[in-house]
Amino acid sequence: MTETRADRFVRELQELKIPDPAAGRSALWLRVGVVLMVAGLAVAVASYFLSHSTTDPLVQRDAITLALGGIAGTVVGSALFLRYSLTNFLRFWLARQSHDLDELGNRVVGSEIRLDGVGSAAP
């Protein structure tokens, strides 16, 4: 039975001991980031309507404080989402580059390399 290229790629990823991003904490932090982005935005919008529904300055100041907390939550959630999204993408990209370089190395080993007639490297 011959091993397909995809099967070999998965096996080599396991040999490199690259953690599976789906099983790690990165998926959890990614979800937390999305929840913070959405919840922070909802809190900020709700605070806007709260501040405009009353004439009491104390309630309006509380709404401003709540809106700032919502915006801060949105910024933190965006940073978490961006960080873990890029980590997952770059981890896969690095593994793919490693695999491609290994493939290139395997092809070169069996052939002779000519460097503009200057010399040759034989295996």
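**View 1. Leu41 on helix 2.** With 53% relative accessibility, Leu41 counts as exposed (exposed means over 50% relative accessible area, buried under 20%, partly exposed in between; 1.4 Å probe, protein chains only). Leu41 is found in helix 2 of this predicted model. Helices are DSSP runs of H or I with at least four residues, strands are E runs with at least two, and both are numbered from the N terminus. Leaving aside residues up to four places away in sequence, Leu41 touches Gly70 and Thr74 (contact: heavy atoms within 4.5 Å). Between the C-alpha atoms of Leu41 and Ile71 there is a separation of 6.6 Å, although these residues stand 30 residues apart along the chain.

**View 2. Ser47 on helix 2.** Helix 2 (residues 25-52) also holds Ser47. Ser47 counts as buried because its relative accessibility is 2%. Ser47 touches Ala63, Leu66 and Ala67, when residues up to four places away in sequence are not counted.

**View 3. A nonpolar surface patch that includes Leu94.** The patch is formed by Leu82, Leu86, Phe89, Leu90, Trp93 and Leu94, which together have about 640 Å² of accessible area. Patches are made of residues with over 30% relative accessible area and no salt bridge; like charges are joined within 9 Å and nonpolar side chains (Val, Leu, Ile, Met, Phe, Trp, Tyr) within 5 Å. A salt bridge is a side-chain nitrogen of Lys or Arg within 4 Å of a carboxyl oxygen of Asp or Glu. Accessible areas come from the Shrake-Rupley method with a 1.4 Å probe, and for residues only the protein chains shown count as cover. Leu94 is placed in helix 3 (residues 57-109) and, at 57% relative accessibility, counts as exposed.

**View 4. The whole protein chain.** Three helices and two strands make up the list of elements, in the sequence pattern α-α-α-β-β. Of the 123 residues, 15% count as buried. Among contacts with a separation of 6 or more, 71% join residues 24 or more positions apart. The accessible surface is about 9,400 Å², with 67% belonging to carbon and sulfur atoms.

**View 5. Confidence along the protein chain.** The average pLDDT is 83, and 83% of the residues score at least 70 (pLDDT is the predictor's confidence in each residue, from 0 to 100). Confidence is highest in helix 2, at a mean of 93, and lowest in strand 2 (residues 120-121), at 50. Where pLDDT is low, predicted coordinates should not be read in detail.

**Notes to all views.** Residues are numbered from 1 along each chain as its sequence is written, and side-chain values use heavy atoms, leaving out hydrogens and water. Local features need pLDDT of at least 70 and side-chain atom pairs count only at pLDDT 80 or more, whereas totals for chains, interfaces and linings use all residues.
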